[in-house]
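Please find below a colleague's note on the fold under review.

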Amino acid sequence: MSNSNTHLINFLQSSKQIMDCLKIIRGLDLPDCWIAAGLIRNSYWDHLHKVKRPPLKSDIDVIYFDPKDTRQKTEQVYEEKLKSEAPEVEAIFGKWSVKNQARMHQVNRDRPYQSCYDALQHWPETVTAIAARLTVANDIELLHPFGLEDLYQKKVRPCPYFKEHKLFEFKIRQDKKRWQDRWSDLKTEF
């Protein structure tokens, strides 16, 4: 485990609620399956800022990569399964959102993705392009194509692909998210 990963892994392990989420999605047995984005980013920033309010509710992003079945209906089946198995998680963090990254390139107007790692390289912010999963040995594995320094330094900046091809969309997203309202010392860079 790299030293950079240690801080985030220790934090994730310290949260019973997040560990429960990781165990639940491991049970789905989907290929290349991770929890990504807001659950990790928001929870870690709350930790850094010592926020005592309830977690910021957003989607609990479950991503996987299965080119053999790219039907949106399949994703909905998994969302319903998660809702019925773990309704308490939605009450805490927000609704389950399951997306097969083997089809999301069409939604995002990109070239086809080759894996979840590849898909994360096309996500808006470096601090959103972070995913975690629990191995069968109960170790936390992280996926972060742009590293974790922006997360640790509370820096919001576009992923290189967004900076080059979708910077206007990135700026609109930042205006809508209003993350500085909750975490006042975040720094946004374009």
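The numbered points below begin with the basis of the values.

1. The model is predicted; local features need pLDDT of at least 70, side-chain atom pairs count only at pLDDT 80 or more, and totals for chains, interfaces and linings use all residues. Residues are numbered from 1 along each chain as its sequence is written, and side-chain values use heavy atoms, with hydrogens and water left out.

2. Five strands form an open sheet in the order 3-2-1-4-5, with mixed pairing (strands are DSSP E runs of at least two residues, helices H or I runs of at least four, numbered from the N terminus; pairing requires at least two DSSP bridges). Strand 3 (96-100) and strand 5 (140-143) are the edges: each has a single partner strand, so one side of each lacks a neighbour in the sheet. From one strand to the next, the twist averages 30° (angles run from 0 to 180 degrees between N-to-C directions of axes fitted to C-alpha atoms, for helices over the stretch in contact).

3. Strand 1 (residues 34-36) and strand 4 (residues 131-134) run antiparallel and are joined by 2 bridges. Ala36 has Ala131 in strand 4 as its bridge partner.

4. Helix 1 (residues 3-14) packs on the sheet, touching strand 4 and strand 5, and its direction makes about 130° with that of strand 5 (contact means heavy atoms within 4.5 Å). Helix 3 (residues 38-49) lies across strand 1, strand 2 (60-64) and strand 4, at about 55° to strand 1.

5. Within helix 4, Thr74, Glu75, Glu79 and Leu82 are buried (under 20% relative accessible area; exposed is over 50%, partly exposed in between, with a 1.4 Å probe and protein chains only). These residues cover an arc of only 140° around the axis, which puts them on the same side of helix 4 (the arc is that of the directions from the helix axis to the C-beta atoms). Lys73, Val77 and Ser84 are exposed on the other side of helix 4.
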